[in-house]
Amino acid sequence: MTSRLFIITILFCFSVIPVCFSQENDEEKTEEQQNVRKSKSYIDTEDLVVEQAAMDKKPIDPLAPSKAAFYSAILPGLGQAYNKKYWKIPIVYAFIGGGLYFYFDNDREYDRYRDAYKSRLAGYTTDEFYGVVTDDGLVRAQKTLRRNKEISLLVTLGFYVLNIIEANVNAHLMQFNVDDALTVRPHYKINDLNNKGDVGLTLNFKF
């Protein structure tokens, strides 16, 4: 009787153990499948993010700086409009217009003193400066106003050239790579050996 119970118990154990192992294997397979699905979904999502980031990047136009400079050379402020920096256009015209204003103002005053000096050389005493400015004063005024005319013209040309350079440089900077894939950042870290702070730069390059 005891041997029969022993045999039945052994048979029962051998019949239950495979079932338990099969359940454990099924559970392990289910967990592995879930992990694989998660990893696939993570990879797919990461690929989508990378592809979306690549799509969001604007293509670099190597001719953009040359175009901006060319437009500004044709018409001051047009290169700034090409770069979509419309707020700079009034500044460009303010500087160039100011230089032209002083040039024409000095030119007009120069003509007045020159005409008065020529009138006196011809023997007339009806000029507007007669009795107020001497002949030597008329000569000195002409020299000063002629020098101011030249300076005003040079300043105006300088602003014109700066307008071209600014449009060109700004077009370059607009295409400058500021992606997180290539960054240089300062860092501060506590040294584990001497418990002192280390300061440095970190260069990150991702590809």
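Predicted model: local features only at pLDDT ≥ 70, side-chain atom pairs only at ≥ 80, totals over all residues.
**Entry 1: the whole chain**

I looked up the contacts in the chain with a separation of 6 or more, and found that 47% of them are accounted for by residues 24 or more positions apart. I then listed the elements and got five helices and two strands. Read along the sequence, their pattern is α-α-α-α-α-β-β. The chain has 207 residues, and 18% of these count as buried.

**Entry 2: the nonpolar core**

Which residues make up the largest nonpolar core? I found eight residues in all: Tyr110, Tyr113, Ala116, Phe129, Val133, Leu138, Ala141 and Leu145. Helix 4 and helix 5 each supply at least two residues of this core. I wrote a general remark beside this: nonpolar side chains in soluble globular proteins tend to be buried together.

I picked Ala116 from the core and checked what it touches. Leaving aside neighbours within four places in sequence, Ala116 is in contact with Asp127, Phe129 and Leu138. Of these, Phe129 and Leu138 are on my list for the core.

**Entry 3: Gln142**

I went on to Gln142, which has its place in helix 5. Is Gln142 buried or exposed? Its relative accessibility is 9%, and the cut-off for buried is under 20%, so Gln142 counts as buried. Not counting residues up to four places away in sequence, Gln142 touches Tyr110, Tyr113, Arg114 and Tyr117. I had already met Tyr110 and Tyr113 as members of the largest nonpolar core.

**Entry 4: the second largest pocket**

I looked up the volume of the second largest pocket and noted about 180 Å³ of space. The residues that line this pocket are Gln80, Lys88, Ile91, Val92, Phe95, Phe159, Leu162, Asn163 and Glu166. By class, the lining has five nonpolar, two polar and two charged residues.

Which helix gives the most to this lining? I found that helix 5 does, with four residues. Helix 4 (89-121) and helix 5 (135-174) each supply at least two residues of the lining.

**Entry 5: Gly77**

I turned to Gly77, in the loop between helix 2 (64-74) and helix 3. Gly77 has a relative accessibility of 4%, so it counts as buried. Residues up to four places away in sequence set aside, Gly77 touches Ile89, Val92, Tyr93 and Asn163. Val92 and Asn163 are also among the residues that line the second largest pocket.

Gly77 and Tyr160 are 83 residues apart along the chain, and their C-alpha atoms are separated by 9.6 Å.

**Entry 6: Lys84**

Where does Lys84 lie? I found Lys84 in the loop between helix 3 (78-82) and helix 4. The phi angle of Lys84 is near 65°, which is a positive value in a residue other than glycine. Its relative accessible area is 64%, and exposed means over 50%, so Lys84 is exposed.

Note on methods. Residues numbered from 1 in each chain as written. Heavy atoms only, no water. 1 Å grid on protein atoms, 1.4 Å probe; cavity = no way out; pocket = protein on both sides within 12 Å on 5 of 7 lines; lining within 4 Å. Points joined across faces, edges and corners; volume = space filled by probe spheres on them. Nonpolar A, V, L, I, M, F, W, Y, C, P; charged D, E, K, R; others polar. Buried < 20%, exposed > 50% of the residue type's maximum accessible area, 1.4 Å probe, protein only. Contact = heavy atoms within 4.5 Å. Core = buried A, V, L, I, M, F, W, Y, C linked by side-chain atoms within 4.5 Å.
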